[in-house]
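Keep the chain in view and try each task before reading on.

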Amino acid sequence: MEFFTEYSLFLLKSITFVASSLFLVIGIVSIGRRSIKTPLNIESLNEQYDEQTKQLQHALNLSKTDKKKIKEHHKSQNKIKKSRENHPRRFVLNFNGDIGATQVNQLRDEISVILSSATSNDEVVVRLESPGGAVSGYGLAASQLQRLRDKNIPLTVCIDKVAASGGYLMACVANTIIAAPFAIIGSIGVVAQLPNFHRFLKKHNIDIELLTAGEYKRTLTVLGENTDKNRKKFQEDLEAIQASFRDHVLTHRTHINIDEVATGEHWLAKDAMQLGLVDQLKTSDDYLYDSIDSYETLVLTTPVKPSLSSKLFKPLTAYFYR
């Protein structure tokens, strides 16, 4: 029994040392090597589509009659291409959300560029994928999308796989939400969890000193003693965030039964549509390509050169967040 106690203390010390060292290294590397932005990339989806179509046609074994038809088709496509100059523009953005909504900085820059030239005749399409994450990050991302709505620029969000929790917080800002039939939608709720080692430390006569100024500067802690009063306060904070989440969704989706959908549940898009969380069932590809001749469609991306710290610790963070 004594051996187990000593081994447990050794293991706890080792974990503490490794964790402290890891955070120290991350901090030093992050300060020394920040992510470096590269210029905004803008690609024409129309030209890409036309070029791919031509390549496919030339790759086929075609008869002279077919070649004549293709030649006529190319002439008609050139006419369409010229006519696009007078068509409204469709700006396409991609948002692949992680737990911290770290892509919000790129989203902000892309929206700022769009706002410099877009009008109410244009449209912004955001292809959104996110299982949710930090309240502050996704709240800011939703506010960035709200900038488009405030300027009366039509906003469409397309969800092919998942937009849950913070992902749906963003999506509901849109005028129209389009989702693939088996995409995951919803999870309008708030969750928080953390381990507590207080009883283990107390058993081995290890004291933790936690000094605060302000009654609720700390509520639940990892190492200190958690009281019923602190648990109650923590729960109240979660419920306050949930109330804001509900109000945000209801502001943009006024026709839904908020009590029915704000339960933390998630649904397949085909079921979410019946609840009013989604407007259309369609993939983003169908939505963009079905009307490609009616818009000058531009895809905006902001490449970011990953920092050294992200290269080193990406496998580790991927493990923790799964």
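**Exercise 1.** Find out whether Lys229 is buried, partly exposed or exposed, and name its salt-bridge partner.

*Solution.* Step 1: Lys229 has a relative accessibility of 47%, so it counts as partly exposed; buried means under 20% relative accessible area, exposed over 50%, and partly exposed in between (1.4 Å probe, protein chains only). Step 2: its side chain meets that of Glu215 in a salt bridge, at 2.5 Å from N to O. A salt bridge here is a side-chain nitrogen of Lys or Arg within 4 Å of a carboxyl oxygen of Asp or Glu. Step 3: Lys229 sits in helix H8, while Glu215 is in the loop between H7 and H8, 14 residues away; helices (H or I, at least four residues) and strands (E, at least two) are DSSP runs, numbered from the N terminus. Step 4: Glu215 counts as exposed, because its relative accessibility is 54%.

A word on the source: this is a predicted model, in which local features need pLDDT of at least 70, side-chain atom pairs count only at pLDDT 80 or more, and totals for chains, interfaces and linings use all residues. Residues are numbered from 1 along each chain as its sequence is written, and side-chain values use heavy atoms, leaving out hydrogens and water.

**Exercise 2.** Work out which parts of the chain are tied together by Asp279 and Arg253.

*Solution.* Step 1: these two residues form a salt bridge, with the closest N and O atoms 3.0 Å apart. Step 2: Asp279 lies in the loop between helix H10 (269–274) and strand E10 (280–281), and Arg253 in the loop between H8 and helix H9 (258–261), so the pair joins parts 26 residues apart in sequence.

**Exercise 3.** Follow Tyr168 into the largest nonpolar core.

*Solution.* Step 1: a nonpolar core is a set of buried Ala, Val, Leu, Ile, Met, Phe, Trp, Tyr and Cys residues joined through side-chain atoms within 4.5 Å. Step 2: the largest one has 48 residues, and Tyr168 is among those with the most contacts inside it, as are Phe95 and Leu277. Step 3: helix H5 (residues 135–150) gives the most to this core, with 5 residues. Step 4: beyond its neighbours within four places in sequence, Tyr168 is in contact (heavy atoms within 4.5 Å) with residues including Ile185, Val249, Leu277 and Arg253.
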